[in-house]
Amino acid sequence: MSAPLAEIRGLSVSYLRDDARSFALRDVDLDIAKGRRLAVIGESGSGKSTLALALAGLLPPQARIEGSIGWPGLAKPPVAGRDIGMVFQDPGGSLNPVLTIGEQVAEGAVRHLGLDWRAARSHALTLLERVRIPDPQAALRAYPHQFSGGQRQRIGIAAAIAARPGLLIADEPTSALDMVVQAEIVALLDELVREAGMTLVFITHDIALASGFADDIAVFQRAQLVEKGAAQAVLAQPAHACTKRLLAAQIDFSTPRLIDGVADV
Amino acid sequence: MHRALTLTRRRIVSSIPVLLIVIVGTFLLLEAAPGDAVDAYLLSLGGGDAGLVAELRQSYGLDQSLLKRLTLYVGALLRFDLGWSVTFDRPVLDLIAERLPNTLWLMGAATALAFSLGSFLGIVAGARPGSLTDRALSTGSLALYAVPSFWLGLVLVLVFAVDLRWFPTAGIETIASGKTGLARVADIAWHLVLPVSALGFIYLALFLRMMRTGMTEAWRQDFVLFARAKGLARRRIVLRHVARNALLPLVTMLGLQAAAMLGGSVVVESVFAIPGFGRLAHEAVSGRDAPLLTGIIIVSAMLVIVVNLLVDIAYAALDPRVGSGEAAS
C-alpha cells in the first residue's frame, strides 16, 4: 500500500469551558488512504465533525489542538478549497442567500485555478451539468432560494469540487434531506469521487448509508476513535460495543415500534 | 426590473390612504389645538376689538364649519394648491419650494456621509469582531451617538468657524455675493460642511454599530464557514459574504432614518441659521399658521413615503428573496 494521504497522530481538540477543558476529540490516530472512501461514523457529539474541521484547518481560534496531522501524500501542506473540498450538512445554510449560484460555484475556481471570472463561470456551468442541475445556464444567474434542498446540496458539491481538490470531506451531507434524495446525493458523490480519483471522507451517523459504499470505516464515540478497519470486516465482525449498537439501531421493517400504543392507521 | 415596477405600483396605491389619514388627522389636530391665526395676529398687534376679530375670521374663512373647510382644503389639494400662508402672506407652495431644497441638500449629504462612512467603519470593525480596532470603533461610536446634535453643532462652530475660521458660522450661502453656477454650488457646499457634519456624525454611529452587529451575526452563518472552506481570500469573505449580508438591515434603517432626520434637521437648521424646511415648520407653529403647517406635514409625509419606496426598491435589488413570490427559507 502506498503512503497514506493523511496521517493523524495523537490528535486532541479541546475547548476551555468554565475553567474546565472539554474534549471534542481525544487522542485520535487514523490514516486516510489515498483514493479510498472512509466513512466516519458516530452519534451526535462524538467528535466526527470536529475531525472534518481539523482536517480542513477550519477549527475556531479558541480551539486547543494537540497532536499532529501529517500529509505524506501531498508535496505541500494542504490549502482548504484547493486540496480539500468540504460539503456541509445544511444545504440551505451553506449557500449565501444573496449571491448568484454562478458566483458561488465559480469563486473557488477563480481563487485556486487562476481563472478569470468568465472562464470560471463556464467552468461552473460544466460543474452544474455534472451534478445534474436542470437548466444549468439559467442556474448560474439564479439564487439559492430558487432550488430545492437536494438541488442546493448538489450545488454545494459543485462548489466544493470547483478547484479540483484531491480530498473531499462530506460532513453529514444527506442528514437534512429525505430518503430518496439521500440516495441520489450518495450516488452522485460516489460517481464524482470515482471519476476524479478523489479521496472521500464521508461523515455520518447512519451506518447503513455508509456501509453501502465505504472502503474503510472509523467509528467515533464520545470524542474517541473506538474502532477502525476495512468496511466489510467492521460490519461483519464489529469489535466495539458502540459499533454493535449502531448496527443494531438501524431501523427497518422488522424494527419494533418506537412509540407503543399507536393504532395502525 | 419587473419586481421593482410591481413594488412601486403596490407602494403608490397603498400610500394614498396613508396620505389621506395624514391630511385629515393634521387638520383635526390643528382644529383641536387652542388658538388660530387670528389669535396669533392679534397677539402680535397687542389686541383688537371683537368686530376686527370677526372680520378677520370671515376673510380667512375661519367662520365656516369644520366639514366645509376640510372639503375646501382637500379640493384645493387635488389641484396642487396648498393654500395661503397667513404669517408670510404668500402661497404655501412657494414657501415650501423655497425652503425644501436647503433641507434636502442638508439631509441628503448628511445621510450619504452617515451611511457611507458609517458602513465603511462598520465593516472595518466587523471584519474582526472583538479585536482592538473593533473595540475602539464601537466605543467611539457609542460616545458619538450619545452626543446631542445641537451640542455637536455648537462645538463644531466654536472650533472650525470661530477659532479656526475655516468655515462660516451660519447660513446656507454668502448673502448678496452675486455668485452663480458652479461658484454658487461651491459656496453652498462650503456653508453646509459644518451642519452636515453635525447631523451626519450622529447617524454615522448608528450605521456603524448596525453594520458591526450584522457582521458579527453573519460570521456565524454556515455559508461563511463554507466560504472559508473554499479557501477564499479574507477580503472576499469579509466583503462579499459577511458585509454583503449585513448590509440588508442597514438599508431598512436608511428608510427609517429619513423620517428621524427630517425631525432632527429642525435643531441643526436652528443652530446654523439655515432657512430650511424644519425652521419653516417652527415658524408655522409659532404663527399658528394652520395652512402652512398642514402643507409642511403633507409634504414631509410624501417625502418619507418616497424615500421608503426608494429604500424598498434598493432592498429588492440587494436581496433576491424579496418579492420573488417564494417564501425565503
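In chain A, 3 strands form an open sheet in the order S2-S1-S4, and their pairing is antiparallel. Strands pair here if DSSP finds at least two bridges between them; strands (E, at least two residues) and helices (H or I, at least four residues) are DSSP runs, numbered from the N terminus. The edges of the sheet are S2 and strand S4 (64-70) of chain A, each of which pairs on one side only. On average, neighbouring strands of this sheet are turned by 10 degrees against each other, direction ignored; such angles run from 0 to 180 degrees between N-to-C directions, and axes are lines fitted to C-alpha atoms, for helices over the stretch in contact.

The model is predicted: local features need pLDDT of at least 70 and side-chain atom pairs count only at pLDDT 80 or more, whereas totals for chains, interfaces and linings use all residues. Residues are numbered from 1 along each chain as its sequence is written, while chains are lettered from A and ligands numbered from 1 in the order in which they are written.

**Strand pairing in chain A**

Strands of a sheet pair through backbone hydrogen bonds, either parallel or antiparallel. Strand S1 (residues 6-17) and strand S2 (residues 20-32) of chain A pair in the antiparallel sense over 9 bridges. They form a hairpin with 2 residues between them, and A:Asp18 in the turn has a positive phi of about 50 degrees.

A further open sheet of chain A contains 6 strands in the order S5-S6-S7-S3-S8-S9, with mixed pairing. Strand S5 (84-87) and strand S9 (224-230) stand at its edges with a single partner strand each, so one side of each is left without a neighbour in the sheet. Neighbouring strands of this sheet are turned by 15 degrees against each other on average, direction ignored. Strand S8 (residues 216-221) of chain A pairs with S9(A) in the antiparallel sense over 6 bridges. Helix H9 (residues 241-248) of chain A lies across strand S3 (37-42), S8 and S9 of chain A, and runs at about 105 degrees to S8(A).

| Residue | Partner | Strand of partner |
|---|---|---|
| A:Glu7 | A:Asp31 | S2(A) |
| A:Ala218 | A:Lys228 | S9(A) |

**Helices and loops of chain B**

The axes of helix H7 (residues 149-163) and H10 of chain B come within 9 Å and cross at roughly 25 degrees. H7(B) and H10(B) are therefore roughly parallel to each other, a term for angles under 35 degrees. The contact (C-beta atoms, placed from the backbone, within 7 Å) is made by residues including B:Phe150 and B:Leu154 of H7(B) and B:Val267 and B:Val271 of H10(B).

B:Phe80 lies in the loop between helix H4 (66-78) and strand S1 (84-85) of chain B, and its phi is near 60 degrees, a positive value in a residue other than glycine. B:Phe80 counts as exposed because it has 7 C-beta neighbours inside 10 Å; the limit for an exposed residue is 12 or fewer, for a buried one 20 or more, and partly exposed lies in between. B:Ala273, in the loop between H10 and helix H11 (277-286) of chain B, has a phi near 50 degrees. With 14 C-beta neighbours inside 10 Å, B:Ala273 counts as partly exposed.

**Where the chains meet**

Between the chains, 23 residues of chain B are in contact with 24 residues of chain A. Helix H9 (222-229) and helix H10 (234-271) of chain B each supply at least two residues of the side of chain B that touches chain A. H9(B) gives the most to this side, with 6 residues.

Key
Contact = placed C-beta atoms within 7 Å. Parallel < 35°, antiparallel > 145°, perpendicular 65-115°, else oblique.
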